[in-house]
Amino acid sequence: GRESKDIDIAVSGDAMIIGEALAEALGGTFITMDEQNGVARVALPQRACNLDITSLQGSIEKDLALRDFAIDAFALRLPTNDREWSELHIIDLFGGRQDLESKLVRMIDREAYRRDPVRMVRCVRLGAELDFDIDWETSSTIQHHAHRIKESAPERVTDEMMRIFAAPQTATWLRRMNNFGLLAYVLPELMAEKGVEQPTQHYWDVFGHSVEAVSTMERLLARPKPGDASAHRFVADLWEDFPHVEQVEAHFAGEVASGRRRAAIGKFAALLHDIGKPATKTIDPDGRIRFFGHAQLGAKTVQDIMRRLRFSNREVAMVSRMVEHHLRPGFMAGKAVADGDRLPSDRAIYRYYRDTGEEAFDILFLNMADHWATRGPTVERRLWRWHAELTHYVIQAYYQRQETVRPPGLITGEDVMEAFGLPPGPRVGQLLEAAREAQAGGALRTREEALGFLREHFIGPGDASS
């Protein structure tokens, strides 16, 4: 029942010659993919599909035996006349149709993982996308060969991983990858989280909490339909009376890079949001556990991880910013989250949007996922509803109070330099930002008030003054 926009054709002739002829006959564009191995593509934008043409290196039976899994190893002989269209015959040498009915991903050949280790992650990805199980022998083989994933090109591993994050039940499949031993080789930094004890309010160790945060992020992003009795009551609390629902949903559906959407990148950030905790853990004399600076260290660690895995610069910047600021929403009101009885000031909202940029909404949802995944089944409804109210309030401010989020400038750099006799430089920018922040808080409304505010609070003996 899944729509496909790609058709793979295996030919006994020269794929290049046939591809060029097909492109001309169908009005498409011919693209050489791999001339040495005989792989060509005919792009048909008017039909929204591609024809990938490959030269057989032997018989079709030998070709199918080289495929990853039984559910991938089908072929259909192309008819040569009208009568043959009514006599189509699917070639299924390895029981793939039975596997489809049984909802099973099963390997064809143990050596497949030796030839191309990325197939191990692809196996998990197919299970996640199709909601299929992985058969016992295939699982055992992946465990045996898991270390070989290090031999693969990082870009290919990342492509498969991010399709897992785009699929439902990501956390479930991350746990399967962990059981297979794959996760330890794809994201070895996560292994340091295992067994790291947290303060008493935490239900899981750091690793368990991180995986649970992925699951929670996924549930939060799946807006329940009206009257959906199966929706978790806390998820319903979040989406009930949510302001600007359509804009928020469109935000998370937006593409970041390489076809990857914010929702998937957000789940990836949830997995890595506490990556800095193992290295920053300290225990006070009274036994209290602390992780000072773990968000800042985590942001730097995330950059190293994602560059190793060849993510785009945009994706690296997005996840790094989310990790760095993931605690920020809970403290915007100027009190500990446990108090839960205040909403942030206009100045705090201004600072938040200034510092978090395009990831402001993503961080709000990550903070909620972090809160839920901290307490697990012991989470308190009162505190959760306060988190939901905070998220609503901050998002509503973005759309309805732009004078707070992005106040129009009352003064310019030229105004500051002229008024205080300053040369161009960072000091001018600092003064402009101080005035802008005070304006966002409602303290300033005119040019004269802004200059007077700076003169009173920021211009000292070290500044030239007119």
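The lining of the largest pocket holds 23 nonpolar, 8 polar and 19 charged residues. Keep in mind that this is a predicted model.

**Stop 1: the largest pocket.** Its volume is about 2400 Å³. A total of 50 residues line this pocket. To find the centre, select I7, D8, R67, D72 and F74, the lining residues closest to it. Now colour strand β1, residues 6-11. Which share of the lining comes from strand β1? The largest share does: 6 residues.

**Stop 2: the second largest pocket.** Select P199, Q201, H202, L327 and F331. Of the 37 residues in the lining of the second largest pocket, these lie nearest its centre. Colour each of them in turn. Helix α18 gives the largest share, 5 residues. The space in the second largest pocket is about 1000 Å³.

**Stop 3: a patch on the surface.** Switch to a surface view. Select L76, W85, L88 and I90. Together they form a nonpolar patch, with about 400 Å² of accessible area. Pick out L76, which sits in strand β5, residues 74-76. Is L76 buried, exposed or partly exposed? L76 has a relative accessible area of 45%, so it counts as partly exposed. The limits for that class are 20% and 50%.

**Stop 4: K103.** Go back to a cartoon view. Find the loop between α3 (96-102) and β7 (104-105), and select K103 there. Check the backbone angle phi: K103 has a positive value of about 55°, although it is not a glycine.

**Stop 5: Q169.** What is the phi of Q169 near? The angle is near 60°, a positive value in a residue that is not glycine. Q169 has 48% relative accessibility, so it too counts as partly exposed.

**Last look.** Show K103 and Q169 together. Both have a positive phi: about 55° for K103, and near 60° for Q169.

Methods. Residues numbered from 1 in each chain as written. Predicted model: local features only at pLDDT ≥ 70, side-chain atom pairs only at ≥ 80, totals over all residues. Heavy atoms only, no water. Helix = DSSP H or I, 4+ residues; strand = E, 2+ residues; numbered from the N terminus. Buried < 20%, exposed > 50% of the residue type's maximum accessible area, 1.4 Å probe, protein only. 1 Å grid on protein atoms, 1.4 Å probe; cavity = no way out; pocket = protein on both sides within 12 Å on 5 of 7 lines; lining within 4 Å. Points joined across faces, edges and corners; volume = space filled by probe spheres on them. Nonpolar A, V, L, I, M, F, W, Y, C, P; charged D, E, K, R; others polar. Patch = residues over 30% accessible without salt bridge, like charges linked within 9 Å, V, L, I, M, F, W, Y side chains within 5 Å. Areas by Shrake-Rupley, 256 points an atom, 1.4 Å probe, with all protein chains shown as cover. Salt bridge = Lys/Arg side-chain N within 4 Å of Asp/Glu carboxyl O.
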